[in-house]
Amino acid sequence: LDWWQADRYCEQRFAQLLLEPQDSEQGSFSKLLQSHHIRGSVWLKERDSVLHKAERRRGHTVPVLVFRDKTDTKYVKVLSDFPALPAVTACAHLQWDSSTQEIATIFSYAVPAFMNEFQLRGCVDEEGFVRFALIVHGHHSPYLPVFRADGQWHHFCVTWQQENGTWAIYADGKRRASASGLCSVGPSAPQAIFGQGTFIIGQDQDSLGGTFRAKESFSGNITDLHVWQKVLSTEQIEKVRSCWVLEQDLVFGWSSNALEVESTVQAVTTQLLCPGPVEECRVWEVGSSGFSYASCLQPLPFICHYSKDAYWQLKRAQLESRHSLASCVNSLALRTVIPDSVFTTDVQDMNLSVALDVLDILATVLREGEVPVLEPSDLLAVLQLLKQVSHMEIQEGDELEMLEQLGQYYMEIAELILEEQNAGTWSSISQVIKGPMAVVELCDRMVSLLVPLLTPERTKITIQHGNIGVHRVTVKNMWFGYGSLQRGLSSSSTSAVPQDAAASDRGQK
């Protein structure tokens, strides 16, 4: 699995991803792994990092082109020889000037035979989204929404290939649109984009290298434009977004020396905080016993690690279990919601309606006291379910009423497993779960799922059940190490930036 999935897989089974082995352990470990035919890299968790290595963001000093206002004069010409392009990817960082609703040309590539040979255009719709359309050999994709016109820096990539005329538009690391058939010329196969053309940034060419019209020009800032003679994979696009330059098949790389800048276009140098994390995670090279880093997104083997005490407590809970909670819940759900073993549970990708059904049934069983005192295996199974739900991705278009109801069930279940009669059960799994604070951390994670419920009209939520509840608070000051807040603030949907100021306890504000 990739690093994130592997970390979650182990956490879901009450283990953790293998920590870097001590020097004395490395030899015996290597032998053990090789006896299982595991060679090459395996994922590791770092011992001392509060933030994963993967969350480091790179500052990156770049020349930015500033196109102020729409004019028929401002343009930038790319001084690069373009070969024929049977496949192409173009990526850049962009700040959109949302003060105009008219169509804007981000770049246009023209050849003598065809002015609109390869072009990217955009406009702002009534909902405040920037929509992009790709043009190849004069054939036009629809205008499709890619990111909000919020004045922030956004990263985009567009790809096209001659085979089937397949194209895609990515923004901020996610694929926003894709289809095939763009410029399939009649019965014959589509042609490659012609070589030796003129590439202009900021204007639509009505004649080769010229005849610009103000109303079709670009207004905003652009930097880091690169063009490749191939279709980049999603993983490669994520790297480019994180400001890594992929040299292979690069046709044009961003550089002031490779641009002819019209005199009224301002070129400024700025420090860009690259939007994507540099996703590199720790690996151990089995056999050579060296440690290094690899892209977190690639699938590699991994090992889940238990302390002996935790492992034996889990085993005991498993062997002594009567499965009374599991059978109640599974028979009501008409399927296996709680599996037989905490070691083998599959991490299902939950969606909102599945999660809502499962928590509704679980809350009902716990509320009605059909299982008066939870067994260790019951409590572990409930915690596994709560973990799974808190890792869920909320999709755009999900019903907000359902999301709020999910929050209600979550808090109710959290309260019911903390009832006093379960105190003995908690202490019997103390090596696996370090006490009820684990529930607080899970509730905390759940809070970040409830963010879509907050709107300008509804600025607070309170979900209370018995002694447990959440209410929306404004974070004025926080110290890193409080994991779920940190995750919430570093997610791409929020624009919180930690201040680089030391706090009194050597933490970071």
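**Figure 1. Arg-121 and its salt-bridge partner in the predicted model.** Arg-121 counts as buried, because its relative accessibility is 11%. The structure shown is a predicted model. The side chain of Arg-121 forms a salt bridge with that of Glu-216, with an N to O distance of 3.7 Å. The two residues lie 95 residues apart and link distant parts of the chain: Arg-121 belongs to strand β7 (residues 114–124), and Glu-216 to the loop between β14 (198–201) and β15 (220–228). Glu-216 has a relative accessibility of 11% and counts as buried. Which residues make up the network of salt bridges around this pair? Arg-121, Asp-204, Asp-206, Arg-213 and Glu-216 are linked in it. In total, the structure holds 12 salt bridges.

**Figure 2. The salt bridge between Arg-131 and Asp-125.** The closest N and O atoms of Arg-131 and Asp-125 are 2.8 Å apart.

Figure 3. Glu-238 and Arg-241 meet through their side chains, at 3.0 Å from N to O. Both residues lie in helix α3 (residues 234–241); because they are three residues apart, about one helical turn separates them. Glu-238 is buried at 12% relative accessibility, and Arg-241 is buried at 8%.

**Figure 4. Packing of helix α8 against helix α10.** The view covers α8 (residues 400–417) and α10 (residues 437–449), whose axes come within 11 Å and cross at roughly 175 degrees. The two helices are therefore roughly antiparallel to each other, as the crossing angle is over 145 degrees. On the α8 side, the contact is made by Leu-403, Leu-406, Gly-407, Tyr-410, Met-411, Ala-414 and Ile-417. The α10 side contributes Val-439, Leu-442, Cys-443, Met-446 and Leu-449. By class, the residues of this contact are 11 nonpolar, one polar and no charged.

**Figure 5. Tyr-410 and the largest nonpolar core.** The largest nonpolar core has 58 residues, of which Leu-325, Leu-380, Leu-383, Leu-406, Tyr-410 and Ile-417 touch the most other members. Two or more residues each come from α4 (308–319), α5 (324–333), α6 (352–367), α7 (376–390), α8 and α10. Which element gives the most to this core? It is α6, with 10 residues. When residues up to four places away in sequence are not counted, Tyr-410 touches Leu-359, Leu-386, Lys-387, Val-389, Ser-390, Leu-442, Cys-443 and Met-446.

**Figure 6. Helix α2 and the strands it packs against.** Gln-26, Ser-30 and Leu-33 are buried in helix α2 (residues 23–35). Against which strands do the buried residues of α2 pack? They pack against β19 (280–286) and β20 (290–295). His-37 follows α2 and has a positive phi, near 60 degrees.

Conventions
Residues are numbered from 1 along each chain as its sequence is written. This is a predicted model: local features need pLDDT of at least 70, side-chain atom pairs count only at pLDDT 80 or more; totals for chains, interfaces and linings use all residues. Side-chain values use heavy atoms; hydrogens and water are left out. Axes are lines fitted to C-alpha atoms, for helices over the stretch in contact, and angles run from 0 to 180 degrees between N-to-C directions. Helices (H or I, at least four residues) and strands (E, at least two) are DSSP runs, numbered from the N terminus. Angles under 35 degrees count as roughly parallel, over 145 as roughly antiparallel, 65 to 115 as roughly perpendicular and the rest as oblique. Contact means heavy atoms within 4.5 Å. Ala, Val, Leu, Ile, Met, Phe, Trp, Tyr, Cys and Pro count as nonpolar, Asp, Glu, Lys and Arg as charged, and the others, Gly among them, as polar. A nonpolar core is a set of buried Ala, Val, Leu, Ile, Met, Phe, Trp, Tyr and Cys residues joined through side-chain atoms within 4.5 Å. Buried means under 20% relative accessible area, exposed over 50%, partly exposed in between (1.4 Å probe, protein chains only). A salt bridge is a side-chain nitrogen of Lys or Arg within 4 Å of a carboxyl oxygen of Asp or Glu.
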